[in-house]
Amino acid sequence: SQWFAGTDDYIYLSLVGSAGCSEKHLLDKPFYNDFERGAVDSYDVTVDEELGEIQLVKIEKRKYWLHDDWYLKYITLKTPHGDYIEFPCYRWLTGDGEVVLRDGRAKLARDDQIHILKQHRRKELETRQKQYRWMEWNPGFPLSIDAKCHKDLPRDIQFDSEKGVDFVLNYSKAMENLFINRFMHMFQSSWNDFADFEKIFVKISNTISERVMNHWQEDLMFGYQFLNGCNPVLIQRCTELPKKLPVTTEMVECSLERQLSLEQEVQQGNIFVVDFELLDGIDANKTDPCTLQFLAAPICLLYKNLANKIVPIAIQLNQIPGDENPIFLPSDAKYDWLLAKIWVRSSDFHVHQTITHLLRTHLVSEVFGIAMYRQLPAVHPIFKLLVAHVRFTIAINTKAREQLICECGLFDKANATGGGGHVQMVQRAMKDLTYASLCFPEAIKARGMESKEDIPYYFYRDDGLLVWEAVRTFTAEVVDIYYESDQVVAEDPELQDFVKDVYVYGMRGCKASGRASNPAPRQSAGRLGFGGAHARPWLSPQYDWCSWIPNAPPTMRAPPPTAKGVVTIEQIVDSLPDRGRSCWHLGAVWALSQFQENELFLGMYPEEHFIEKPVKEAMARFRKNLEAIVSVIAERNKNKKLPYYYLSPDRIPNSVAI
């Protein structure tokens, strides 16, 4: 099904057995168009000499007229004894290329005792390590693939059609499809009022985004988004009031419903905090001299009311308390409180886009993918397990570096963290990035958000734990087939080189990352197997929650207020993004919320890298578990005004490729 997968070039086959090698045979049938896209062709190969047990199949491609790339899925060999041997390939042959294949049984390095198989294993990795080289794109970033643009990538990891992932084209098409392209060049042109934003909203509304538009000013909607919106990973239970937020019981007593002091509410676990300290001191976008853009680093205190709903009770817009950095409260004037919440929503958008989405999803997954190609041969069971979960990840990241987050890229057009601020954010976040924070249950527990009784409406947590456990169970079943003990793990040199490549090179030897001394393969498998699930809550909801511009402003055109009682509706509208930036933002969140063409979802493995029956049985159980989770989520969402479906397995891509 790959585009341009067929070839008119000459294809030769050679067999390598335990007793000898055959001559190469031209695979050609008279009066027949061989090797067309989607075709399954059969050929009789006669070998005079005794080859013994077939160990390798060598395929060579030689130019017929013009070089014509060929995508080969697999070869099935029928021996004279009637046995069938599967040789998975799933690779491109380019130029006058060749590929040497082993049969589909997964093997650890210790399993290969024959010299020719050891040599094949070593040569494959030597070749890959020349193709998949590390590169520092920016100081302090995780290392990435050494490729300046998409066409520089190895053919096997390129998109089928580069046009389909052209960010400039996709954003422009999105704005055209949304009927907003007439506004896309209207920079510096403010909207008249909140209702004016409907001019770019009304034609593309859906159930959730419409509800956001109608209820975005309400405290309940504001609090709900920290649990189930675009970025449900920042809220944490407050165990001690931050000293930099000098809020008192008297200030918030009108919001407290249990007749307790603020300190007592903290002790009972009813107070939560979201701190945007990461944004403190980040440079705002200065790429447009005609528009000043601003950032803040708010601290938001939230309260679990008697209905177990989360609502905001205090907001300070910068980190250092003082007379010009007041604490805004629900009891303040309507527009004072509204503008404070808008600043928090804008800050949340920046952290979501740059840290949760770019760093923790895309860049980290790329590190695992590159290390996998560099250190694990195709016959290794962990390669077979992970390869589906890095499909197109390196390619989409390369396109992003080429067009989106590069200097003068699309990210600069609408975002206050463009122009270099996003780079500073990643560099700062890398210092605190840990492996444990990438593991779903540990991350939830670290924020004190694990109790379903105390926090019953945290659907992101509930669904994520279900999916994580299904992935963990599946990967553990597969890994246990090949690793019977921890000692086998520790003595697998390829696996240890893989983890070393991730930690020492890809993650820059970050001390905070918490590398285990003898890392278990199921840890890495679980992390990447969950990669698509990890991405889904950051991508799919973007249009739902961010298309109503006042709910997620990508930039603010006036500084945070330094006093109470002076904010007007006109000031708020003039602070929000202008018409041009609003349109580019809307095009971005629309494009980033769409699935890829021919998307593969969690549990789908059309490429059969494994041929062993126990693994296929584990895959079948995995799919059955995922189907059960889909049913649980669908049942819960019945009749909900705000359904949460982002972690339903039938909506989770197998890999990070959006």
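Reader: In which loop does D28 lie?

Author: This is a predicted model, in which local features need pLDDT of at least 70, side-chain atom pairs count only at pLDDT 80 or more, and totals for chains, interfaces and linings use all residues. Residues are numbered from 1 along each chain as its sequence is written, and side-chain values use heavy atoms, with hydrogens and water left out. Strands are DSSP runs of E, at least two residues, numbered from the N terminus. D28 lies in the loop between β3 (25-26) and β4 (54-62).

Reader: Which residues does D68 contact, neighbours within four places in sequence aside?

Author: D68 lies in the loop between β4 and β5 (70-78). Contact means heavy atoms within 4.5 Å. With neighbours within four places in sequence left aside, the contacts of D68 are G6, T7, D8, D9 and K61.

Reader: Which strand gives the largest share of the lining of the second largest pocket?

Author: On a 1 Å grid over the protein atoms alone, a pocket is an open set of points where a 1.4 Å probe fits, with protein on both sides within 12 Å along at least five of seven lines; lining residues have an atom within 4 Å of a point. The second largest pocket is lined by 43 residues. The largest share, nine residues, comes from β5.

Terms used: Helix = DSSP H or I, 4+ residues; strand = E, 2+ residues; numbered from the N terminus.
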